[in-house]
Amino acid sequence: LLIASRGNMSLSLASRLLQGLTSRVLAGRVIVMSPRLVRLCSTTPQPMDQTEPMTPLREYNGKLAKALASNDHETVFKLAKEMKETGIEPDLITCIGLLRSSVNTNNMNAALDMYREMTAKNIAPNLAVINLVLKAAVKKSDVEIAQNVWDQMVKAGMKPNALSYSLMIQVLSSVGQLDRAFE
């Protein structure tokens with residue numbers, strides 16, 4: 001149950017509303033929110049979430065995220081090389097980080113190689129991956145790559161977003177095929 005306010009609900013009003021609820025409803029969690037208050041109440045004790053142990057892959061993904069956040073692409077590529085050397089297989093999170101770093105450093109061939117490696121290892125791309133590959137295709141003015149990725153996205157049942165459409169229009173217009181964008 002969520003009780004929310006735009007700032008007009010006081011804690012006492014929220015408490016009065018909660019008093020009218022049956023104990024069956026209150027058996028779960030109740031969240032009372034106002035702009036100044038967020039309180040999580042529970043009528044039954046909830047066990048603390050146990051965090052999963054740190055695996056080498058999660059450790060590398062954490063390091064990759066930090067390097068990406070500081071735009072340290074050299075470290076991103078160094079970590080990717082270390083992962084390969086130690087036999088750690090990338091997951092979707094790793095691939096997105098490597099794709100993003102490749103695109104941001106204008107290393108489109110590395111970005112496309114990463115995408116091919118993902119598909120070869122049956123790592124299903126999500127829309128973020130598709131958009132990064134489309135961005136690489138835009139930077140290379142490569143309509144064939146963009147069209148192949150677009151077709152794979154549609155075949156997988158993914159719905160393009162505004163960025164996907166924008167990137168496809170950009171790549172088509174970069175080679176003088178803007179009319180194809182409206183097909």
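**View 1. The largest pocket holds about 320 Å³ of space.** This is a predicted model, in which local features need pLDDT of at least 70 and side-chain atom pairs count only at pLDDT 80 or more, while totals for chains, interfaces and linings use all residues. Residues are numbered from 1 along each chain as its sequence is written, and side-chain values use heavy atoms, with hydrogens and water left out. A pocket here is an open set of points on a 1 Å grid over the protein atoms alone, where a 1.4 Å probe fits and protein lies on both sides within 12 Å along at least five of seven lines. The volume is the space filled by probe spheres set on the points.

**View 2. The lining of the largest pocket comprises 18 residues.** Lining residues have an atom within 4 Å of a point. Closest to the pocket centre are A80, K84, L98, M114 and E117. Helices α4 (73-86), α5 (92-104) and α6 (108-120) each give two or more residues, and α4 gives the most, with five; helices are DSSP runs (H or I, at least four residues). By type, the lining has eight nonpolar, four polar and six charged residues.

**View 3. Here α5 packs against helix α7 (residues 127-140) at an angle of about 20 degrees, with axes 10 Å apart.** The two are therefore roughly parallel (angles under 35 degrees). Contact (heavy atoms within 4.5 Å) involves L92, I96, L99, R100 and V103 of α5 and A128, V129, L132, V133, K135, A136 and K139 of α7. These contact residues divide into nine nonpolar, no polar and three charged.

Conventions
Nonpolar A, V, L, I, M, F, W, Y, C, P; charged D, E, K, R; others polar. Axes fitted to C-alpha atoms, helices over the stretch in contact; angles between N-to-C directions. Parallel < 35°, antiparallel > 145°, perpendicular 65-115°, else oblique.
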